[in-house]
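Here are my notes on this one, as numbered points. Have the model open while you go through them.

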Amino acid sequence: MALPEDDPATASAEAVAEAPLVEAPADTVAGEVVLRLTDLVKTFPGVRALDGVQLEVRAGEVHCLLGQNGAGKSTLIKVLAGVHQPDSGQVEWRGEPATFANPQAAMKAGIATIYQELDLVEDLSVAENAFLGHEYRSFGFVRRGRMARHTRQILSRLGHGEIPPGRMVRSLPAAGKQIVSMARALSHEARLIIMDEPSAVLAHDEVGNLFRIIRELTAQGIAVIYISHRLEEIREIGDRVTVLKDGRTTAANLPARDTPTRDLVSRMTGRTIEYVFPDRPTDDSAGADLLQVQGLTRTGEFADVSLTVRAGEIVGIAGLVGSGRSELLETIYGARLPEAGTVQMDGKVLRPGVGAAVRAGMGMAPEERKSQALLLGEPIYRNVTLATFGRYARLGFTNAAKERAEADRIAETLELRPRDVDRPVRTLSGGNQQKVVVGRWLLGGTKLLLLDEPTRGVDVGARAELYQVIRALAAQGVGVLLVSSEVPEVLGLADRVLVMREGRVVREAAAGELDENTVLDLVMAGSLMEGAPA
Amino acid sequence: MSDATPTPTATPERPQLPAQSPPVDPAETAVANNKAGSGGKLSWWRGDGGDGAKRNLGLIGVLAALIVVGAVTKPDLYGDPNWVWNNVLAILQLASVVGVVTVGMTFVIIGGGIDLSVGAIVALAGVWCTTVATQSYGAGGMIFAALAVGICVGLVNGVLISYGRLVPFIATLAMLVAARGLAASISNKQTQVSSSTFINDIAARKVIGIPILVYILGAVVLAGWVVLNRTTFGRRTIAVGGNPEAARLAGINVRRHTMLLYALSGLCCGIAAIMLTSQATSAQAAMANLYELDAIAAAIIGGTLLSGGRGTIVGSLLGVIIFATITNLFAINGLSIEAQNMVKGGIIVAAVLVQQFQFKSVTRLLARNRVTTAT
């Protein structure tokens, strides 16, 4: 018996029909095809992460992968790196069908992956990291000298002969660590290097250096799959672009330099599933200022953010992962200490700490449901009352009957399925787990709800229900501050939108004044003027 | 997932949200519970949880097996009901001191920590309450001293761990060494005899045929059960141990609660110190040696998850009783303590292996169901 929200197959079927694959003539690149993926499918419980991916990578090219969060890029990388096995579809590696049973197999075949969070052992030396898992040895002893020599050779090939192979990786800056990751890839004689947002950890001038290295690698015939959200980088370094959306290739082998931005963005967004958003109230029903944030700053996360949320208003923050939005939300909630700036509720400055925020009437549904919000083994009712069980207690004794009743009331309101508050939360689907987290704050007079990616991992049907719930809360006078990397969600649900990029608010406007392309363009720091046809 | 109820058609109509926290009368509550299909399960004693209860049944099975072994090896002794009753009391008395310590330990472990210093705290509290100066205040003064020392040392542990951000293992390991050192220096490495007949009588006396120590164990276990399953303190303990980040983001003061957990463990050690002093009619710095290992082992075979968030008082009690029964079994058969320790080690490993196996098979089952629903 499948719950409706566990079955995205129907949605996928119609989407395939509506989104024809675009393929540009690909004579721009001369090298032979090293990697060809055909109709790659990968399903996880409840999610079709890859749903027919096509990809063709040639030797000596920089092939860019573009797609919104959740488009399937990470899964695709992991399939190529041998972490996941595809359910169906072909992987052709250097002309032969191939399967990579594990990461070692992929590396041996010559595919190296540089993950966003660099997977280096901080307390080993540069050389030890470069040759981790395939050290030179004889009779069980590591041949340090030989490893160091080879590492030095590779480093100078990367243009960084100045990094001593014996240095501890911990002491290197982020850019240096990335070089070590690349050295590791080259130590495997990699023919294809996959880079997942390599520029995200780098300062501006270091990106130039990264590009120089990439060019030298491709000149040696090595292929690079380059993933980035920054369109300007793709234009600078990329040869061809493949766009993913909802686990499918929507455009393949577009020329990276002259495909208009508008085309790329529409290929990333062109929705096949219409979200159902509740209507906004017609009159301006928002009340007095509820939350006032002044000049909030945390170095390296966000700077000088000011915003207000009024009672009954939904304010949305659009931004990419790493734009500082989640950190901002947690700081407002008192879970992080600001370096500068103030947070006021009802005109009163909040003392630091989550406890003070909750007492002032804030509630938060954090980004990572499972690790930040739920006690997975505990029953639903205990999760719903996690923030309020003290209020039902008398003299320190909990009132389980009342907690169950309240939780059941919430379960009924939010149409929780199955509606059995004694079940462990672990057994619920993602959407229903999210309802438990949101439901927690419907108890006990929450005035301001902070929602961080409320629909991540939630399927389409349950999304619409969550949107209704959020709007209904606002209609009751609750202020909502919503963060989402899905631009249509922010635009469709919020009354007012703030766009964040690299820790700063770059635009604030009523939701009706913005459209998806404009917002995407703002968050990705590209420029419509540059790429758009005149 | 597999047994999901047939869902009503999911028309996303505008849900009517409740007015926030309206008064709920008891009748409504009962109705709501029945509607939720949980009304039948709602009884006062329920609380250790379904799978926890099942695990405890397994432990009772182990206990029964141990008794069968005893009956087979010493049929003449087990044929005498009088002897059996006295033997049961002997086992419970043997279990009582470690049992009290284990209750505190169970709280700490469920709360996501560990307390290696319990044996040392018992020794320090015992030595402190038997100094000449303390004994001059009489039995009341001695009891107060033991409890106060236990709580204070526990608080030091708690402050170091929650506010000093030391790893529990390290903080309490340091306390283990330091508290025994302090105990040795206070007692000048001498055995301090208790001259209080009130204290000494605790272990010597019986009430209605049952030793007072067993009553104390029963009272502490009962109190521990109520606190864990029926109070906000217990709920916070499970939340803090199960997912500290979720607890923090729900507004629970995780640090303060962690600190209190170690103070609670210290309090249990103080009680145990009085019991042990009474048993020996004296105290010395080497007393309660390796109690930390006994208490941790008992909690673990009782089903308490070492990573926190799950555990039961009843399970821990059964763990302590199982160990005491093994000791008793070896004693009546005249076997060596070395063999006994080897068996104990084997039982710890076996218990954890069985629990892991159960857990894995359950998750595998869930995963399989989920895949079938998805396709």
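What is the order of the four strands in the open sheet of chain A?

1. The order is β15-β14-β17-β18 in chain A, and the pairing is antiparallel. Strands here are DSSP E runs of at least two residues, helices are H or I runs of at least four, and both are numbered from the N terminus; two strands pair if DSSP finds at least two bridges between them. β15 (302–310) and β18 (348–349) of chain A are the edge strands, each pairing on one side only.

2. Before going on, the ground rules: this is a predicted model, with local features needing pLDDT of at least 70 and side-chain atom pairs counting only at pLDDT 80 or more, while totals for chains, interfaces and linings use all residues. Residues are numbered from 1 along each chain as its sequence is written, chains are lettered from A and ligands numbered from 1 in the order written, and side-chain values use heavy atoms, without hydrogens and water.

3. β14(A), residues 289–298, runs antiparallel to β15(A) and is joined to it by six bridges. A:D289 sits opposite A:R310 of β15(A).

4. Now for α2(A), residues 73–80: six of its eight residues are buried, so this helix is largely enclosed by the rest of the structure (buried means under 20% relative accessible area, 1.4 Å probe, protein chains only). Among them are A:L76, A:I77 and A:L80. After the helix comes A:G82, with a positive phi near 85°.

5. Over in chain B, residues 141–160 are 100% helix and 0% strand, with end C-alpha atoms 28 Å apart. Residues 259–278 of chain B are also 100% helix and 0% strand, with 29 Å between the end C-alpha atoms.

Note on methods: Buried < 20%, exposed > 50% of the residue type's maximum accessible area, 1.4 Å probe, protein only.
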